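I opened the notebook to record what I looked up in this structure.

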Amino acid sequence: MQKEQILDFNRRLSQCNRGELVVITYDIFFAYVEDAKEALASKDHDVFKTAIHKAQATLGRLIATLDFQYEIAGRLYALYQFSNRELSRALYENRPEGLEEAEKILKKLYIGFVEAARQDTSGPLMSNAQQVVAGITYGRGELVENFTGNSYNRGFFA
């Protein structure tokens, strides 16, 4: 994953609500799948293996947050487990078919979660994070992000 992507995910995570958190987790998964595809194409097995493991860890986070009080959680669990097995298959076969199958399944779920996040009107999860204001200022043709709020008074007090 590129450093720019990591910074973007960090910024998005600091500003998101519960619905957006799930969408961002899916976006992180897709970024790792893309990394795995690129590593496979360039025949870099170590990077491929690392990307697969990170994608599986991201799936693990999605599984860990399922609330089994709801019927749909069982169905999502089965899809996540199948996708995890497909990632493992891609790793031991060293072929992209498992990656593509897992990505195809999760893309369909992603569409639903994006719509659910759009309807989520709850506030941000992090209440003491800096606010980000983005716009074209002082940069010639580039996006400049400005942070507002108290940067000196963030975190825990002892």
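At what angle do the axes of α3 and α4 cross? I noted that this is a predicted model. I found the two axes crossing at roughly 170° and coming within 10 Å. Angles over 145 degrees count as roughly antiparallel, so α3 and α4 are roughly antiparallel to each other.

Next I listed the residues that make this contact. From α3 I noted ten names: His45, Phe48, Lys49, Ile52, His53, Ala55, Gln56, Leu59, Leu62 and Ile63. From α4 I wrote down Tyr77, Tyr80, Gln81, Ser83, Asn84, Leu87, Ser88, Ala90 and Leu91. Sorted by class, the contact holds eleven nonpolar, seven polar and one charged residues.

Then I turned to the core. I found 31 residues in the largest nonpolar core. Phe29, Phe48, Ile52, Tyr80, Leu87, Leu99 and Leu106 have the most contacts inside it. Which helices each supply at least two residues of this core? I got α2 (18–41), α3 (45–64), α4 (71–93) and α5 (97–119). The largest share, eleven residues, comes from α2.

Beyond its neighbours within four places in sequence, Leu106 is in contact with Tyr26, Phe29, Phe30, Leu59, Tyr80 and Ser83.

Ser83 got its own entry. I placed Ser83 in helix α4. Is Ser83 buried or exposed? Its relative accessibility is 0%, so Ser83 counts as buried. Leaving out residues up to four places away in sequence, I saw Ser83 touch Leu59, Ala102, Ile105 and Leu106.

Terms used. Residues are numbered from 1 along each chain as its sequence is written. This is a predicted model: local features need pLDDT of at least 70, side-chain atom pairs count only at pLDDT 80 or more; totals for chains, interfaces and linings use all residues. Side-chain values use heavy atoms; hydrogens and water are left out. A nonpolar core is a set of buried Ala, Val, Leu, Ile, Met, Phe, Trp, Tyr and Cys residues joined through side-chain atoms within 4.5 Å. Buried means under 20% relative accessible area, exposed over 50%, partly exposed in between (1.4 Å probe, protein chains only). Helices (H or I, at least four residues) and strands (E, at least two) are DSSP runs, numbered from the N terminus. Contact means heavy atoms within 4.5 Å. Axes are lines fitted to C-alpha atoms, for helices over the stretch in contact, and angles run from 0 to 180 degrees between N-to-C directions. Angles under 35 degrees count as roughly parallel, over 145 as roughly antiparallel, 65 to 115 as roughly perpendicular and the rest as oblique. Ala, Val, Leu, Ile, Met, Phe, Trp, Tyr, Cys and Pro count as nonpolar, Asp, Glu, Lys and Arg as charged, and the others, Gly among them, as polar.
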